[in-house]
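Please read them with the coordinates open.

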Amino acid sequence: MLQPPPPPQGAMATGAANHAVPCSAGRPKKRNQRRGPASLSVRASSDANTVTLLDYGAGNVRSVRNAIRHLGFNIRDVRSPEDILAADRLVFPGVGAFGSAMDVLTRTGMADALREYIRRDRPFLGICLGLQLLFDSSEENGPVSGLGVIPGVVRRFDSSEGLIVPHIGWNALQITKDTQLLQGADGHHVYFVHSYHALPVRSKST
Amino acid sequence: MLEVLRCASEKVFVPLTVGGGIRDFTDASGRYYSSLEVASEYFRSGADKISIGSDAVFAAEAYLQTGVKTGKSSLEQISRVYGNQAVVVSIDPRRVYVKSPDEVQFKTVKVSSKGPLGEDYAWYQCTVSGGRDSRPIGAYELAKAVEELGAGEILLNCIDCDGQGCGFDIDLIKMVSDAVTIPVIASSGAGAVEHFSEVFEKTNASAALAAGIFHRKEVPILAVKEHLVDAGVEVRMQ
């Protein structure tokens with residue numbers, strides 16, 4: 001017999017509580033007032049200075065929060081799958097392991113919402129694991145299936161030839177394709193910390 | 001601690017690693033916290049990585065004895081949820097001279113300068129609780145075990161060299177950095193810019209750490225970086 005799916009509202013409340021407790025003391029600004037079912041209707045009233053942030057509860061999202069605020073934007077936290085669909089621009093940071101992140105996304109209904117949001121071609125920035133999760137699968141503790149938005153797999157760097165993995169440290173960039181994402185990064189060292197790399201499969205249309 | 005971390009992470013945009021107290025514990029009110037919960041609190045407060053010391057030594061000893069990965073150690077639990085790259089294991093070994101490698105069951109190195117009784121070899125005994133207690137495991141054995149258990153990086157100290165300013169323990173760092181494929185951060189003993197280039201020339205260390213000489217302003221960080229650039233080591237200069 002089929003079990004009813006866990007109530008997404010409850011699941012979100014847990015995620016929110018996790019987050020609100022440790023941050024309340026040091027938080028400089030009031031948290032977003034809008035929450036709950038009403039968030040479905042907020043899109044029309046959202047302003048150009050708001051970035052929606054997907055914090056699934058297993059990563060250092062604070063550094064991303066600090067960076068977004070540093071750039072002068074407000075943050076709206078995703079509390080339900082509907083918040084994803086209502087976002088004007090969505091940032092999905094991920095420090096964490098692939099498998100446990102997919103478990104959370106699937107359990108909370110976020111996985112489907114993310115697929116739909118990206119299918120609608122809405123502005124999206126996936127950072128680190130937030131990018132890797134878009135692929136078909138990852139070798140990390142797996143293979144584990146991903147969101148399947150981008151054809152391809154996420155593979156571990158091969159350390160058999162003496163390559164040190166994880167790749168950690170400040171390195172220079174070789175920019176092969178002009179992109180807004182790397183504006184201002186040219187000529188600077190950037191910090192890497194990863195064991196995996198995403199390998200897209202080139203389809204006929206690209 | 002969490003408050004310091006929160007404030008620091010708002011201003012500091014280099015990656016932060018937090019260590020200390022990452023183990024299971026029960027607070028005054030009787031609430032039990034797993035090491036994973038403690039680490040999660042650190043991550044949510046702005047840490048990019050956490051560092052484990054004593055707990056990793058006990059986990060490695062248990063693993064080497066039984067050959068079984070229980071999945072229950074803090075090292076395994078945290079790396080499973082946050083990824084290997086988020087878990088640093090800090091090793092605090094002490095040099096133990098021996099006449100011959102056969103004297104001990106641990107990996108020894110032929111030392112570059114002999115021991116007080118003319119010994120040609122040494123092994124590096126791991127310690128816990130800030131160096132107070134010695135354990136029956138060597139730095140080499142520990143490094144290999146924690147790599148298998150999910151550590152993403154090793155911070156390699158040396159009690160004998162720490163604060164001496166006489167240079168890194170090249171014998172130790174070479175032994176450990178040759179034994180693993182995860183990055184090793186050399187620590188303990190830096191006292192001059194040449195010590196940094198030496199450790200990169202003679203070992204496979206991925207990074208070198210110093211604290212005292214920078215805090216006391218004996219050696220400027222910029223001087224170290226400029227020296228390394230001259231020595232052909234890639235360094236971030238901005």
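1. Basis. This is a predicted model, in which local features need pLDDT of at least 70, side-chain atom pairs count only at pLDDT 80 or more, and totals for chains, interfaces and linings use all residues. Residues are numbered from 1 along each chain as its sequence is written, chains are lettered from A and ligands numbered from 1 in the order in which they are written, and side-chain values use heavy atoms, with hydrogens and water left out.

2. Helices α4 and α5 of chain A. Helix α4 of chain A covers residues 98–107 and helix α5 of chain A covers residues 110–119. Helices here are DSSP runs of H or I with at least four residues, strands are runs of E with at least two, and both are numbered from the N terminus. The two axes come within 5 Å and cross at roughly 90 degrees. That makes α4(A) roughly perpendicular to α5(A). Axes are lines fitted to C-alpha atoms, for helices over the stretch in contact, and angles run from 0 to 180 degrees between N-to-C directions. Angles under 35 degrees count as roughly parallel, over 145 as roughly antiparallel, 65 to 115 as roughly perpendicular and the rest as oblique. M102(A), L105(A) and T106(A) of α4(A) touch M110(A), A111(A), L114(A) and R115(A) of α5(A); contact means heavy atoms within 4.5 Å. By class this contact has 5 nonpolar, 1 polar and 1 charged residues. Ala, Val, Leu, Ile, Met, Phe, Trp, Tyr, Cys and Pro count as nonpolar, Asp, Glu, Lys and Arg as charged, and the others, Gly among them, as polar.

3. Helices α2 and α4 of chain B. The axes of α2(B) (residues 35–44) and α4(B) (residues 74–82) come within 9 Å and cross at roughly 45 degrees. The pair is therefore oblique. On α2(B) the contact uses S35(B), L36(B), A39(B), S40(B) and F43(B); on α4(B) it uses S74(B), Q77(B), I78(B), V81(B) and Y82(B). The classes are 6 nonpolar, 4 polar and no charged residues.

4. Helices α6 and α7 of chain B. Here α6(B) (residues 170–179) and α7(B) (residues 193–202) have axes that come within 10 Å and cross at roughly 40 degrees. That makes α6(B) oblique to α7(B). This crossing is right-handed. I170(B), I173(B) and K174(B) of α6(B) meet E198(B), V199(B) and K202(B) of α7(B). The contact divides into 3 nonpolar, no polar and 3 charged residues.

5. Cavities. How many cavities of 30 Å³ or more are there? The count is 5. On a 1 Å grid over the protein atoms alone, a cavity is a set of points where a 1.4 Å probe fits but cannot get out; a pocket is an open set with protein on both sides within 12 Å along at least five of seven lines; lining residues have an atom within 4 Å of a point. Points are joined across faces, edges and corners, and a volume is the space filled by probe spheres set on the points. The largest cavity has about 90 Å³. Its lining has 12 residues, with G96(A), C128(A), Q132(A), H194(A) and Q85(B) nearest the centre. The lining has 5 nonpolar, 6 polar and 1 charged residues.

6. Second largest pocket. Its volume is about 1,500 Å³. It is lined by 38 residues, and G169(A), W170(A), S206(B), A207(B) and A208(B) are closest to the centre. β8(A) gives the largest share of the lining, 5 residues. By class the lining has 25 nonpolar, 8 polar and 5 charged residues.

7. Backbone. Most residues other than glycine have a negative phi, and most peptide bonds are trans. Please look at these sites. The bond from G142(A) to P143(A) is cis, with omega near 25 degrees. P143(A) sits in the loop between β5 and β6 of chain A. V165(A) and P166(A) are also joined by a cis bond, with omega about 5 degrees. P166(A) is in the loop between β7 and β8 of chain A. S129(B), not a glycine, has a positive phi of about 55 degrees. S129(B) lies in the loop between β8 and β9 of chain B.

Definitions and conventions: Left-handed = near helix turned anticlockwise from the far one by under 90°.
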